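Me: I would like to learn how to read the features of a structure that is new to me. Could you take me through them step by step, giving the general idea before the particular case?

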Amino acid sequence: MSTTTVAEVRADADGYVLRTATPRDVDGARAVMLDTVYRDLKSGYVPRWHADIIDPESSYLRPERCTLLVVERDGEIVATGAVRDRGPQAPPNPQWIADRFPSGTTAQLCRIYVRPEHRRHGLARRLVRELRDFVARAGGYEAVYLHTDPSVPGAEPFWRSLAHEVCDERTLPGRGQSVVHFELPVPAAD
């Protein structure tokens, strides 16, 4: 299990606790992720894109430079966020995006999902802050990358408030995957 973890954050005024996931959180985290890919992304489970959802322990809990954070309230996992040390692949992404964000030196923020009834409480913003802190502690990353599906309500404006757009595939010939690729500054280690 990763030794570069987030210290448990005390429950805030609304009773939310953000912390590093443990093996006992895997089922709850997987439920949040699967519900999101079916409900919000409308893609359903696609093995080549979502294998990490089925096995988050191998994808996020065991590798040293990866992590999975969860937000818990009243014993239920209500939000997730992860870092993986794998850049975007081509295809389905444009080759120049894959070249700009190579695996190993790219920290990819992913699976930042909040159950609808728990949105508008700042949970995604807290997750991103903690994930960036993890990236700084892990060291060795040269880029922080993410992509989002702009058809998900609120996703695009949220990421535009935090990150710099690298490519909006909706402007490409054929519209690509219609996702927007973003980069965040690499945080400095303390």
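Reply: Let us begin with the salt bridge, which is a side-chain nitrogen of Lys or Arg within 4 Å of a carboxyl oxygen of Asp or Glu. Please keep in mind throughout that this is a predicted model.

Me: Which residues are linked in a network of salt bridges?

Reply: The general idea is that side chains of opposite charge can pair when their charged atoms come close. In this structure, a network of salt bridges links Glu156, Arg160, Glu165, Asp168 and Arg170. One of the pairs is Arg160 with Glu165, whose closest N and O atoms are 2.7 Å apart. Arg160 is partly exposed, at a relative accessible area of 37%, and Glu165 is partly exposed as well, at 30%.

Me: How many salt bridges does the structure hold, and which residue forms one with Glu183?

Reply: The structure holds 17 salt bridges. Glu183 forms one with Arg100, and the closest N and O atoms of this pair are 2.8 Å apart. Distant parts of the chain are linked by this pair, since Glu183 belongs to strand β7 (residues 180–184) and Arg100 to helix α4 (residues 95–100), 83 residues apart. Arg100 counts as partly exposed, with a relative accessibility of 41%. Another salt bridge joins Asp25 to Arg24, with 3.7 Å between the closest N and O atoms; here Asp25 counts as buried at 4% relative accessibility, whereas Arg24 counts as exposed at 64%.

Me: How should I read the strands, and in which sense do β2 and β3 pair?

Reply: In a regular strand the side chains alternate between the two faces of the sheet. In this model, β2 and strand β3 (residues 76–84) pair in the antiparallel sense over 7 bridges, and Leu69 has Gly81 in β3 as its bridge partner. The two strands form a hairpin with 2 residues between them, and in its turn Asp74 has a positive phi of about 50 degrees. Strand β1 (residues 17–20) also pairs with β2, in the antiparallel sense and over 4 bridges, with Arg19 standing opposite Val70 in β2.

Me: Why is strand β2 described as largely enclosed by the rest of the structure?

Reply: The reasoning rests on burial, for which the cut-off is under 20% relative accessible area. Of the 7 residues of strand β2 (residues 67–73), 6 are buried, so the strand is largely enclosed by the rest of the structure.

Me: What is the count of disulfides?

Reply: A disulfide needs two cysteine sulfur atoms within 2.5 Å, and by this rule the count is 0. Cys66 is in no disulfide, the nearest cysteine sulfur being that of Cys110, 8.4 Å away, which is too far for a bond. Cys66 counts as buried at 2% relative accessibility, and Cys110 counts as buried at 7%.

Me: Finally, which residues lie nearest the centre of the largest pocket?

Reply: The largest pocket has a volume of about 1,300 Å³. Its lining consists of 43 residues, and those nearest the centre are Ile112, Tyr113, His147, Thr148 and Asp149. Elements that give two or more residues to this lining include α2 (47–54), α5 (123–138) and β5 (143–148), while β4 gives the most, with 7 residues. Sorted by class, the lining of the largest pocket has 20 nonpolar, 14 polar and 9 charged residues.

Definitions and conventions. Residues are numbered from 1 along each chain as its sequence is written. This is a predicted model: local features need pLDDT of at least 70, side-chain atom pairs count only at pLDDT 80 or more; totals for chains, interfaces and linings use all residues. Side-chain values use heavy atoms; hydrogens and water are left out. Buried means under 20% relative accessible area, exposed over 50%, partly exposed in between (1.4 Å probe, protein chains only). Two strands pair if DSSP finds at least two bridges between them. On a 1 Å grid over the protein atoms alone, a cavity is a set of points where a 1.4 Å probe fits but cannot get out, and a pocket is an open set with protein on both sides within 12 Å along at least five of seven lines; lining residues have an atom within 4 Å of a point. Grid points are joined across faces, edges and corners, and a volume is the space filled by probe spheres set on the points. Ala, Val, Leu, Ile, Met, Phe, Trp, Tyr, Cys and Pro count as nonpolar, Asp, Glu, Lys and Arg as charged, and the others, Gly among them, as polar.
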